[in-house]
Amino acid sequence: MSLAALLVLADGRFPAGGHAHSGGAEAACKAGRIHDAATLEDFCRGRLHTAGLTAAALAAAAAAGLDPAVLDAAADARTPSPALRTAARRLGRQLMRAARATWPDPGLERLAAAFPRGAHQPVVLGLTARAAGLGPLDAAHVAAYESVGGPATATVRLLGLDPFEASGVLARLAPELDDVAARAAEAAHRALLDGVEALPAASSPLLEIAAELHADWPVRLFAS
């Protein structure tokens with residue numbers, strides 16, 4: 001495992017397109033569900049243990065060597081919202097561009113050829129981690145962190161929240177991030193033996209509904 005590669009992949013400045021997406025925070029801010037650091041923490045915690053866990057397990061499974069096409073279908077099945085499926089593939093396409101330039105790898109090339117319009121972002125993330133010499137737990141950590149880091153950063157822009165407070169939210173969630181990553185990596189290990197049915201499919205219906213509403217807004221700051 002290369003700690004430096006892990007830092008590069010998790011860095012918010014890595015050109016993977018995440019800065020254009022709020023992870024549901026924009027809709028939550030407009031609805032009043034996020035209005036300060038405490039409500040941001042509640043939102044991020046809920047997202048981490050549902051969508052975050054699911055994404056982390058898919059990324060870990062891809063890093064472990066499961067068939068990415070099968071994982072992409074599993075990601076589709078775990079994403080009822082068409083708007084979120086579109087966003088996930090758009091992010092996957094952008095991440096693929098950055099990954100192929102940074103860590104050229106035959107596995108990435110095969111995935112790009114199989115999904116020219118983009119595979120689901122967690123699947124691309126897992127293959128990117130594998131190309132960078134990282135393991136399933138590393139991929140799970142990156143996916144879990146992305147699930148809360150994106151909304152926290154977006155809320156600073158949306159509400160003018162003090163960035164020190166947003167960082168405090170992420171720091172308080174750190175033990176739960178570690179736990180979610182470990183659970184995701186364990187699920188990926190089981191999936192090697194039992195198939196993708198062993199991966200979590202935690203439901204987050206409010207995120208799905210909000211994503212569909214957000215997609216219809218004529219003016220918005222974030223793509224999703």
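Q: A pocket is an open set of grid points with protein on both sides within 12 Å along at least five of seven lines. In this predicted model, how much space lies in the second largest pocket?
A: The second largest pocket holds about 200 Å³ of space. Its lining is made up of 14 residues, and R33, F43, R47, L206 and L207 are the closest to its centre.

Q: Which helices each supply at least two residues of this lining, and which gives the most?
A: Both α3 (37-64) and α11 (205-215) supply at least two residues. The most come from α3, which contributes six residues.

Q: What is the division of the lining of the second largest pocket into nonpolar, polar and charged residues?
A: The lining comprises six nonpolar, five polar and three charged residues.

Q: Why is helix α7 called largely enclosed by the rest of the structure?
A: A residue counts as buried under 20% relative accessible area. Nine of the 11 residues of α7 (residues 121-131) are buried, and the helix is therefore largely enclosed. Those buried residues are Q121, P122, V123, V124, L125, G126, L127, T128 and A129. They pack against α1 (3-10), α3, α4 (68-77), α5 (82-102), α6 (106-114) and α8 (136-159).

Q: Which residues of the largest nonpolar core touch the most other members?
A: Among its 68 residues, L9, L40, L71 and L199 touch the most other members. Helix α3 provides the largest share of this core, 14 residues.

Q: With which residues is L9 in contact, leaving aside its neighbours within four places in sequence?
A: Contact requires heavy atoms within 4.5 Å. On that basis L9 is in contact with F14, W103, L125, T128, A129, L134 and V142, its neighbours within four places in sequence being left aside.

Technical notes
Residues are numbered from 1 along each chain as its sequence is written. This is a predicted model: local features need pLDDT of at least 70, side-chain atom pairs count only at pLDDT 80 or more; totals for chains, interfaces and linings use all residues. Side-chain values use heavy atoms; hydrogens and water are left out. On a 1 Å grid over the protein atoms alone, a cavity is a set of points where a 1.4 Å probe fits but cannot get out, and a pocket is an open set with protein on both sides within 12 Å along at least five of seven lines; lining residues have an atom within 4 Å of a point. Grid points are joined across faces, edges and corners, and a volume is the space filled by probe spheres set on the points. Helices (H or I, at least four residues) and strands (E, at least two) are DSSP runs, numbered from the N terminus. Ala, Val, Leu, Ile, Met, Phe, Trp, Tyr, Cys and Pro count as nonpolar, Asp, Glu, Lys and Arg as charged, and the others, Gly among them, as polar. Buried means under 20% relative accessible area, exposed over 50%, partly exposed in between (1.4 Å probe, protein chains only). A nonpolar core is a set of buried Ala, Val, Leu, Ile, Met, Phe, Trp, Tyr and Cys residues joined through side-chain atoms within 4.5 Å.
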